Amino acid sequence: MAHVLVNNARKDYGAFKAIKGVSVDIKDGEFVVLVGPSGCGKSTLLRMIAGLEGITSGEIHIGKHVVNELAPKDRDIAMVFQNYALYPHMTVAQNMGFSLRLKRMPRADIAARVGNAARILGLESLLERYPKQLSGGQRQRVAMGRAIVRDPAVFLFDEPLSNLDAKLRVQMRSEIKELHQRLRTTTIYVTHDQIEAMTMADKIVVMKDGRVEQSGSPLDLYDRPGNLFVAGFIGSPAMNFINGTMTPEGFRTADGVVLPSDRTMAEAVTYGIRPEDIRLDPAGVPVSIVVVEPTGSETLVVAKLGEQTISCVFRERIKAKPGDLLHVSPNRPTIHLFDREGSRLGAGEAVTSY
């Protein structure tokens, strides 16, 4: 295990600046997820930590060492890629032990490490199979086993579940989290899927355009997003954003709809409320249903609030169809307000106390 520190790291490709002064502090044994949209720089940053990309300026520390100039093989890391990259002519056992054979480790030690990794990952019965005889999930376990046998200080995962179907992704993310809880190896995991980030991470680092927008625990980012980008990216379905103005009687939209708020300062703001924080309320504001999507445990409703579209998630099984009116109210303690520049008002504190 090792402490990883990225200090003001930059990566330029000619005139294009891919990483713009990123600093991230990853504690020994921590599971950190780098998340953001395509092109935000998360995979580039991971590859810089791995040594697969050079660093233009700044420093990367792994343990007590600055590793800017170290080759990947000397950084005591192991990486699991989106592509399993298994050798098709080798068995599972041979694939898992290949890096150890390159180090000329004794055969008995290789067999012991491979056997231990196979027990951890449930691969004991598959050791003599070839990759073509394995399912996608089994291949991903083999790729993870190949990393585990090296006993690295840091695990790096680059979108390892992207090639799996939805059900298997859910299963594999649980297995990766359980693996981390068992090994307690420092782990850096890249994904564009914020559900993966929320369910797996000790700390999430949200990136956009080569910069860190916000970092913190999953619930910190969910409950106290620092700006509109983080608020819209974390959470599924995404947070509703409604434009309007604060007035003494509450938040007023351009259509004249008034929503509750404890903030009375007269100013133009964006009012944020998560779909699951909207409840049915006979005394609430009317919304016109556009789409109803029952999922079994919940019902997602897309509706018109004045001229603006919002999403609502109800635990109740409502009997409604497009065109019907519902009356709803936001849960006041979970209201978020943002200024016109997109920064959170009252950042770091609860927006309302009710």
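**Exercise 1. Is phenylalanine 233 buried or exposed?**

Solution. Start with the cut-offs: a residue is buried under 20% relative accessible area, exposed over 50%, and partly exposed in between (1.4 Å probe, protein chains only). Phenylalanine 233 has 17% relative accessibility, so the residue counts as buried.

The model is predicted: local features need pLDDT of at least 70, side-chain atom pairs count only at pLDDT 80 or more, and totals for chains, interfaces and linings use all residues. Residues are numbered from 1 along each chain as its sequence is written, and side-chain values use heavy atoms, with hydrogens and water left out.

**Exercise 2. How many aromatic pairs are there, and why is the pair of phenylalanine 229 and phenylalanine 233 stacked?**

Solution. Rings of Phe, Tyr and Trp (its six-membered ring) pair if their centres lie within 6.5 Å; planes under 30 degrees apart count as stacked, over 60 as edge-to-face and the rest as tilted. The count under this rule is seven aromatic pairs. For phenylalanine 229 and phenylalanine 233, the ring centres are 5.8 Å apart and the planes are at 20°, so this pair is stacked.

Helices (H or I, at least four residues) and strands (E, at least two) are DSSP runs, numbered from the N terminus. An α-helix has 3.6 residues a turn, so residues three or four places apart point the same way.

Elsewhere, ring pairs join Phe31, Phe155, Phe157 and Tyr189 in a cluster.

**Exercise 3. Which charged residues sit over the rings of tyrosine 13 and tyrosine 222?**

Solution. The criterion is that NZ of Lys or CZ of Arg is within 6 Å of the ring centre and within 35 degrees of the ring normal. Over tyrosine 13 sits the charged end of lysine 11, 5.0 Å from the ring centre. Over the face of tyrosine 222 lies arginine 274, at 4.0 Å from the ring centre.

**Exercise 4. Describe how helix H2 packs on helix H4.**

Solution. Two packed helices are described by the angle between their axes and the distance between the axes. Axes are lines fitted to C-alpha atoms, for helices over the stretch in contact, and angles run from 0 to 180 degrees between N-to-C directions. For H2 (residues 92-102) and H4 (residues 136-148) the angle is about 35° and the axes are 7 Å apart.

The contact (heavy atoms within 4.5 Å) involves Val92, Asn95, Met96 and Ser99 of H2 and Val142, Gly145 and Arg146 of H4. Sorted by class, these are three nonpolar, three polar and one charged residues. Here Ala, Val, Leu, Ile, Met, Phe, Trp, Tyr, Cys and Pro count as nonpolar, Asp, Glu, Lys and Arg as charged, and the others, Gly among them, as polar.

**Exercise 5. Why is helix H1 described as largely enclosed?**

Solution. Helix H1 covers residues 42-50, and seven of its nine residues are buried, so the rest of the structure largely encloses it. The buried residues of H1 are Lys42, Thr44, Leu45, Leu46, Met48, Ile49 and Ala50. After H1 comes glycine 51, with a positive phi near 90°.

**Exercise 6. Which residues other than glycine have a positive phi? Treat asparagine 8 and arginine 104.**

Solution. Asparagine 8, in strand E1 (residues 4-13), has a positive phi near 50°. At 35% relative accessibility, asparagine 8 counts as partly exposed. Arginine 104 has a positive phi of about 60° and lies in the loop between H2 and helix H3 (107-121). With a relative accessible area of 76%, arginine 104 is exposed.
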